[in-house]
Amino acid sequence: MSCNQDSIIAAGLGELLFDVVSEQYHLGGAPGNFAWHCSELGAKACVVGAVGKDKLGDEACNLLGSLASAVTRSDHPTGTVNAKIAKDGSASYTFDDECAFDHLQLNDDLLALAKRCDLLCFGTLAQRLPESRQAIHTFLGKASKALKIFDVNMRGNFFSKEVIEQSLMFTDLLKVSLEELKIMVDLFNLSCDPEDFFKDLRKRFPIQGLAVTLGEQGSLVFWHEERSSMPALSVTVRDTIGAGDSFDAALGMGLVSKLGLSRSHFLATHVSSYVCTVSGAMPRLPYDLKQYLRHNS
């Protein structure tokens with residue numbers, strides 16, 4: 001894998017949608033957020049997803065700019081999700097039943113892109129219907145050289161044990177929140193201790209790493225035989241939308257850049273903490289964070 005950030009090809013794979021917060025529309029969806037932050041950290045990034053042939057689809061492509069190079073247009077409407085922000089900055093979501101990202105279709109250009117990718121992130125939401133699920137699995141199967149991050153992102157009832165099992169067969173690094181870890185413990189009859197949970201998973205699936213976000217208690221990352229623990233930073237939280245996706249992007253960029261686990265985890269912690277201090281999922285990162293990989297690789 002490359003050590004030069006400018007040559008890293010990264011893709012967020014799956015849902016592309018608008019977060020609707022207090023009647024204001026903000027471009028979002030985990031893959032878009034992931035691709036944005038990979039780009040902020042120096043990668044050649046894009047979103048592999050679908051939007052409608054509608055005004056929101058046009059706006060999504062315009063806002064993404066070069067990140068929209070792998071976005072396809074669907075006859076189904078562009079996805080939206082109503083996000084409610086609690087007093088502590090946490091968000092809850094209500095999704096469309098069916099929209100463009102449920103009907104992702106691959107073409108020859110996208111299959112060729114998969115083979116070039118160095119870093120990928122995907123989740124469960126865009127796999128809720130068979131058409132997009134098959135497209136995502138095909139893309140992942142072609143991305144043989146990429147570091148593949150599976151951020152489970154359990155939303156509502158849009159996940160199942162079967163989808164998680166299938167996804168773990170393509171996964172290098174699994175990212176879960178503490179709540180999601182507890183759900184997976186019950187689904188797969190695993191240990192609730194994160195380290196033992198990781199060991200149990202490695203016996204069943206070809207994964208190499210696990211990241212567990214613990215809210216105010218920080219985060220844990222296991223990568224091969226290494227372990228890293230980072231406390232949460234003390235920041236004033238504006239909202240948490242996109243923070244987890246920025247964590248994935250920074251951690252993945254660090255690992256692909258051969259930064260090492262501890263420094264990659266450090267970068268992920270600081271990037272995601274900064275995202276919590278601003279409104280929206282795709283802010284410009286401060287100069288020091290944008291340059292961290294270049295100065296520390």
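Analyst: We'll take a few helices, a loop residue and some strands in turn. Keep in mind that this is a predicted model.

User: Okay, helices. How do α3 and α4 cross?

Analyst: Helix α3 covers residues 108-116 and helix α4 covers residues 130-142. Their axes come within 7 Å and cross at roughly 45 degrees. That angle makes α3 oblique to α4.

User: Which residues make the contact?

Analyst: From α3, they are Leu110, Leu111, Leu113, Ala114 and Lys115. From α4, they are Thr138, Phe139 and Lys142.

User: And what classes of residue are those?

Analyst: Five are nonpolar, one is polar and two are charged.

User: Stay on α4. How far does α4 reach?

Analyst: Helix α4 has 13 residues and spans 18 Å from its first C-alpha to its last. That is close to the 18 Å expected at 1.5 Å a residue.

User: Which residues of α4 are buried?

Analyst: Ser132, Ala135, Ile136, His137, Phe139 and Leu140 are buried.

User: What do they pack against?

Analyst: Several elements. The buried residues of α4 pack against the strands β1 (9-13), β4 (44-48), β9 and β10 (147-151). They also pack against the helices α3 and α5 (161-168).

User: New topic. Where is Cys117?

Analyst: Cys117 is in the loop between α3 and β9 (119-122).

User: Is Cys117 buried or exposed, and why?

Analyst: Cys117 counts as buried because its relative accessibility is 0%; the cut-off for buried is under 20%.

User: What does Cys117 touch?

Analyst: Set aside its neighbours within four places in sequence. Cys117 is then in contact with Ile9, Ala11, Phe139, Lys145 and Ala146.

User: How far apart are Cys117 and Ala10?

Analyst: In sequence, Cys117 and Ala10 are 107 residues apart. In space, their C-alpha atoms are 5.8 Å apart.

User: Now sheets. What is the strand order in the open sheet of four strands?

Analyst: The order is β3-β2-β7-β8, and the pairing is mixed.

User: Which strands are at the edges?

Analyst: β3 (24-28) and β8 (91-95) are the edge strands, and each pairs on one side only. Neighbouring strands in this sheet are turned by 35 degrees against each other on average, ignoring direction.

User: What holds paired strands together, in general?

Analyst: Strands of a sheet pair through backbone hydrogen bonds, either parallel or antiparallel.

User: In which sense do β2 and β7 pair, parallel or antiparallel?

Analyst: Parallel. Strand β2 (residues 17-21) and strand β7 (residues 79-85) share four bridges. Phe18 stands opposite Thr80 in β7.

User: Last one: β13. How many of its residues are buried?

Analyst: Five of the five residues in β13 (residues 219-223) are buried. Both faces are covered. Ser219, Val221 and Trp223 lie on one side, with Leu220 and Phe222 on the other.

User: Which strands does β13 pair with?

Analyst: Strand β12 (residues 209-213) pairs with β13 in the antiparallel sense over five bridges. Gly209 stands opposite Trp223 there. Strand β14 (residues 226-230) also runs antiparallel to β13, again with five bridges. In that pair, Ser219 stands opposite Met230.

User: What are the turns like?

Analyst: β12 and β13 form a hairpin with five residues between them. Gly215 in that turn has a positive phi of about 65 degrees. β13 and β14 form a hairpin with two residues between them. His224 in that turn has a positive phi of about 55 degrees.

Note on methods:
Residues are numbered from 1 along each chain as its sequence is written. This is a predicted model: local features need pLDDT of at least 70, side-chain atom pairs count only at pLDDT 80 or more; totals for chains, interfaces and linings use all residues. Side-chain values use heavy atoms; hydrogens and water are left out. Axes are lines fitted to C-alpha atoms, for helices over the stretch in contact, and angles run from 0 to 180 degrees between N-to-C directions. Angles under 35 degrees count as roughly parallel, over 145 as roughly antiparallel, 65 to 115 as roughly perpendicular and the rest as oblique. Contact means heavy atoms within 4.5 Å. Ala, Val, Leu, Ile, Met, Phe, Trp, Tyr, Cys and Pro count as nonpolar, Asp, Glu, Lys and Arg as charged, and the others, Gly among them, as polar. Buried means under 20% relative accessible area, exposed over 50%, partly exposed in between (1.4 Å probe, protein chains only). Two strands pair if DSSP finds at least two bridges between them. The expected span of a helix is 1.5 Å times one less than its number of residues.
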